[in-house]
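Hi there,

Here is the structure I promised to pass on to you. Have a look at it first, and my notes on what turned up follow below.

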Amino acid sequence: MSEWGIQALRGDKTSPGTAVKDFSIDTRYNTLKIALEGTGTVTLTGGSVSQVDTQVTHSLGYKPFFTVKVEHPDNSRWSMAPFKYTSTWELNCGVNHQDSDTIEIQIYDSVSSFPVVDTDVSYKYVIYIDPRKDAWFE
Amino acid sequence: MSKYGIKISRPGYDVDSATDDNLIYSSEFNTPKIFRRIKFTSSGSQAHGLTYPPDFDYYVKNTTSGRTRRGQNYYFGWPATVQVDSTNVYATVSSGVEIYVTLFTNPLNE
């Protein structure tokens, strides 16, 4: 069977190489494809230790690769989950596959004194189609 | 308007009937595109050159053992953190580690 597909050389390469790292796209290999992405906001309760768990349904039927980033409202800096990050107060985030159709994002603070008032925390999730069990490579 | 784009299936699958997870590539779906990489050997910040907070990933290398771990690893004793905002990448680097940050073109705030 003949070779087929697409190869495109990286802009900083001047001659074709044989290494996959030299190509910006090479369809001999699977490509991460975003199935679902979105943003949201949770509210942490001021004056107490609080945790908000958010479920995101992707309905893929398997446990895909996914990433979550969360913005600390104090300085608008985003961190990659799972993390513990302290600005004026400590913000934490954990993530998990709740089941084969749902991911869960857990955002929480750690002390009762912060945040002082109810505070909105923004997050972003990206859920990929890949990889699926047994899809690559048997 | 008819649909257009590029779709490539994995070997042995008909591209016209393959499910999404059996496609090697499909322009119907966005893909992560690498904007640039930044290396930190000490704590500080570097401008990333975009006008929005970009998606990112990072790995932390122990310069003694050569081992690399993804993201925060307090439990392994390699405290290293990375944050981004609309201007900079910020890193906190402890002694004996290096951080490699990959920035993607996708914005985090939309």
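Let me start with the interface: chain A and chain B bury about 2,900 Å² between them, and 61% of that area lies on carbon and sulfur atoms. Asp21(B), Ile24(B) and Leu108(B) account for 21% of what chain B buries against chain A, more than any other three residues. Please keep in mind that this is a predicted model.

In terms of contacts, 34 residues of chain B touch 35 residues of chain A. There is 1 salt bridge between the two chains: the side chains of Lys69(A) and Asp55(B) meet there, at 2.7 Å from N to O. Polar contacts between chain B and chain A come to 9 residue pairs, both partners being at pLDDT 80 or more.

Now to chain A itself, where several loops are worth a look in your viewer. The loop between strand E9 (102-109) and strand E10 (119-128) of chain A holds Val117(A), and Pro115(A) is in that loop too. The peptide bond leading from Phe114(A) to Pro115(A) is cis, with omega near -10°. Phe114(A) also takes part in a nonpolar surface patch of about 330 Å², together with Val111(A), Val116(A) and Val117(A). Val117(A) has a relative accessible area of 53%, so it counts as exposed.

You will find Pro82(A) in the loop between strand E6 (77-80) and strand E7 (83-86) of chain A.

Ser59(A) has a positive phi of about 60°, although it is not a glycine. Ser59(A) sits in the loop between strand E4 (51-57) and strand E5 (66-72) of chain A, and is exposed, with a relative accessible area of 54%. Ser76(A), likewise not a glycine, has a positive phi of about 60°. Its place is in the loop between E5 and E6 of chain A, and at 36% relative accessibility Ser76(A) counts as partly exposed.

Technical notes:
Residues numbered from 1 in each chain as written. Chains lettered and ligands numbered in written order. Predicted model: local features only at pLDDT ≥ 70, side-chain atom pairs only at ≥ 80, totals over all residues. Heavy atoms only, no water. Patch = residues over 30% accessible without salt bridge, like charges linked within 9 Å, V, L, I, M, F, W, Y side chains within 5 Å. Areas by Shrake-Rupley, 256 points an atom, 1.4 Å probe, with all protein chains shown as cover. Salt bridge = Lys/Arg side-chain N within 4 Å of Asp/Glu carboxyl O. Helix = DSSP H or I, 4+ residues; strand = E, 2+ residues; numbered from the N terminus. Buried < 20%, exposed > 50% of the residue type's maximum accessible area, 1.4 Å probe, protein only. Contact = heavy atoms within 4.5 Å. Buried area = accessible area lost by both parts, 1.4 Å probe. Polar contact = N/O pair within 3.5 Å; in protein donor to acceptor, adjacent residues only side chain to side chain.
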